[in-house]
Structures are given as C-alpha cells and as structure tokens.
Amino acid sequence: MSNQSPVAGRSLLYLVIAGAAWGTAGAAASLLFLASDLGPLALSFWRSAGGLLVLAGVLAVRRRPAPAAPRPSVPSLIGTGLMFTVFQAAYFGAVRETGLAVGTVVTLGAGPVLIALGARYWTGERLGRGGAAAVGGALAGLAVLVLGSGGGEVRPLGVGWALLSAAGYAGMTLRARWLGQRGEGGDPLVTTAWSVGVGAVCLLPLAVLEGLLPHTAEPARVAWLLVYVAVVPTALAYALYFTGAAAVRAATVSVIMLIEPVSAAVIAVLVLGERLTGAVVLGTVLLLTAVGALIAAEARRPAGGPVEVRPAPVAQSAAR
C-alpha cells in the first residue's frame, strides 16, 4: 500500500498538467507570430491581461469559498507578481537575443540549480544523492533535446537575460514553497490573479512601445490563439503550479516543470510538422526518466511526514 499523502499525489499531478500546458504556449506563440506582427512583449502583456480577466471571472462566480488559510499580504503577492514578470519578460528577451534553443537551455537549465541551492539555504530542504542525480539527468536531457534538435548562437547578452529569467522563476518557486511550509500559501487562484495582474501593469508600457495591437489578415485566428494562451498555459497552468509548488519540494517542482520542453517537442512534431530526430527522442527519454524518478521519490515520502526541512531562522526573517 502506498504511503503517499493524497495532497502530495494531487500536487504532483497538478504540476505535471501545468508543465504540459506551459509547453503548448510556445506552439501557440509561434502560430501567433506567423499570423501577425505581434511582438514577444505585447504577447506577454495580452497573456497576462487575458489571464487576469479569466481569473477575475472565475473568482466572481465561484460559489464555494476557498478553504480558510492565512492570506499572504499585499506586498507578498506583489513580490510574487514581480518575480513572475521578470521570469516571463526576461525569457522572451533571451529568445530574441540568442535564439530559442540557447535561451531555453540556459533559462530552464539554470532554474533547477538555483532552486536547489536556494531551497537548501531558505527552507533547509536537502536534495540527496538520488535527487542530485535526477536533476543532473534532467539537465542533460534538456540540453540534448533543445540544442540537439536546433542549435543556436550563444550571445552574452541573451545568456544574461536567460539567467535573469531563471532567477525570477527560482524566486517564484521558492517563495511559493516557503509560504506553503508555513501554511500561508493562500488561495492559488488569488495568487495567480495577482501575479498576472502585476505582470500586465509592468508589461503594458513596454508592449505599447513594441506595438500593442497586432496587424493581421487573420483576425479570428489571432483572437482564438490569444484566448487559448490566456486560458490554458496562463490562468489554468499557473493556478495548478502555485497549488503544487506549495506542497512539493522546490527542487522536485523545478524538475517536474521540465515536462514543458517535452510537451513543446511533441507538439512541434505532431502538430507543426517538425522532423522527429534522435536528439528529440533521447532528450525526451532522459527528461521523462528524471521526472519519473523524482515523482517516485515524492511518492515514497510518508503521508504528512517531514520533508527534510531544517530550521533556517535568518533566511526566514529575510524572506518575509
């Protein structure tokens, strides 16, 4: 009989679904860029603004209130939103400067490393040898999957943007986990709404400079793609992400979310007609093996048991 807690099991499932949904955002963005002159910052703004609209509607019609829990303060919610904005905007900056392949490898590759280091310091979570091996396997799979299937030119400015994006992602994940450990994660829908709301406000002036409204000969196609990006990889995926990240070890979250490039690769082959290469197959196998190993490790944790957290009073004080 499995001793995995129902909460942990659901959280792992939520993270897997969120990662797969994030992977569809790249394909939708590619189709949007082909069908219009919309730029990456304008797309990020519409993604955030549309997600906020969807979440506001859900919160307005929700009949059953969320379970009672200490609610994060407004400054805390704004802080999470700023990390979300840095993660999104800096990633698109990396893609523009150094290409999709290198930008993705550096951002998603640096994320688990920064999160593992941060989790050790801020929350006292030890990765262990098995976890370290799984992270290493996941990073190797990511590099093979993305670089082996496309390549790219490494430019220092683009790498800098990618590292900034990884820092925003790591901060967002560690913050969610830290609040979850304290029982102060709050309502994931509210956290997501604040995050995309802060993102929309911060991105609006940049989007206006880039060109806010798309010019297209296919307005219907562009409209439904924007709606899809706002609903599935934003409102739904981030709500699931914040729910799962509060209950699962931070380093495990970062590796499970590497399902995103696997999902994107599958869509590229099945929907966009890209060629299935040996690198795509090998990278996918390595990544899924690492993700499966960490999910199995989480499943072996006793229900309601500790997560190898050691006191870190100084770090907790600084993180408030």
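Modeller: Gly-23 has its place in helix 1 (residues 6-35). The model is predicted: local features need pLDDT of at least 70, side-chain atom pairs count only at pLDDT 80 or more, and totals for chains, interfaces and linings use all residues. Residues are numbered from 1 along each chain as its sequence is written, and side-chain values use heavy atoms, with hydrogens and water left out.

Colleague: What makes that stretch a helix?

Modeller: A DSSP run does: H or I over at least four residues, while a strand is E over at least two, with numbering from the N terminus. Residues 6-35 form helix 1 on that basis. The chain comes to 12 helices and zero strands.

Colleague: Why is Gly-23 called buried?

Modeller: Its relative accessibility is 2%. Buried means under 20% relative accessible area, exposed means over 50%, and partly exposed lies in between (1.4 Å probe, protein chains only). Gly-23 is under the 20% limit, so it counts as buried. Over the chain, buried residues make up 48% of the 320 residues.

Colleague: Which residues does Gly-23 touch, and what counts as touching?

Modeller: Contact means heavy atoms within 4.5 Å. Leaving out residues up to four places away in sequence, Gly-23 touches Glu-260, Ser-263, Ala-264 and Ile-267. Ala-264 is 241 residues from Gly-23 along the chain, yet their C-alpha atoms are separated by 4.4 Å.

Colleague: What is the share of contacts that join residues at least 24 apart?

Modeller: It is 92%, among contacts between residues at least 6 apart in sequence.

Colleague: How do you know that Gly-168 is buried?

Modeller: Its relative accessibility is 6%, under the limit, so Gly-168 is buried. Gly-168 lies in helix 6. Beyond four places in sequence, Gly-168 touches Met-83, Val-86 and Phe-87. Gln-88 is 80 residues away along the chain, with a C-alpha separation of 8.4 Å from Gly-168.

Colleague: And Thr-80, buried or exposed?

Modeller: Thr-80 has 6% relative accessibility, so the label is buried. Thr-80 lies in helix 3. Its contacts, sequence neighbours within four places aside, are Met-172, Arg-175, Thr-191, Ser-195 and Phe-242.

Colleague: Why is Tyr-228 called partly exposed?

Modeller: Its relative accessible area is 26%. Tyr-228 is in helix 8 (residues 219-245). Not counting residues up to four places away, Tyr-228 touches Thr-24, Ala-28 and Pro-233. Gly-50 is 178 residues from Tyr-228 in sequence and 9.4 Å away, C-alpha to C-alpha.

Colleague: What makes Arg-62 and Asp-187 a salt bridge?

Modeller: The rule asks for a side-chain nitrogen of Lys or Arg within 4 Å of a carboxyl oxygen of Asp or Glu. The closest N and O atoms of Arg-62 and Asp-187 are 2.7 Å apart, so the pair qualifies. Arg-62 is in the loop between helix 2 and helix 3 (74-98), and Asp-187 is in the loop between helix 6 (156-181) and helix 7, so the pair ties together parts 125 residues apart in sequence. Asp-187 is buried at 15% relative accessibility, and Arg-62 is partly exposed at 32%.

Colleague: How many salt bridges does the rule give?

Modeller: Two. Arg-221 also forms one with Glu-218. Their closest N and O atoms are 3.6 Å apart, within 4 Å, so this pair passes too. Arg-221 is partly exposed at 32% relative accessible area, as is Glu-218 at 35%.

Colleague: At what angle do helix 2 and helix 7 pack?

Modeller: Helix 2 (residues 40-61) and helix 7 (residues 188-210) pack at about 150°, with their axes 7 Å apart. Axes are lines fitted to C-alpha atoms, for helices over the stretch in contact, and angles run from 0 to 180 degrees between N-to-C directions.

Colleague: How far can the model be trusted, by what score?

Modeller: pLDDT is the predictor's confidence in each residue, from 0 to 100. The chain averages 78, and 78% of the residues score at least 70. Residues 303-320 stay under 50, with 36 contacts beyond four places in sequence.
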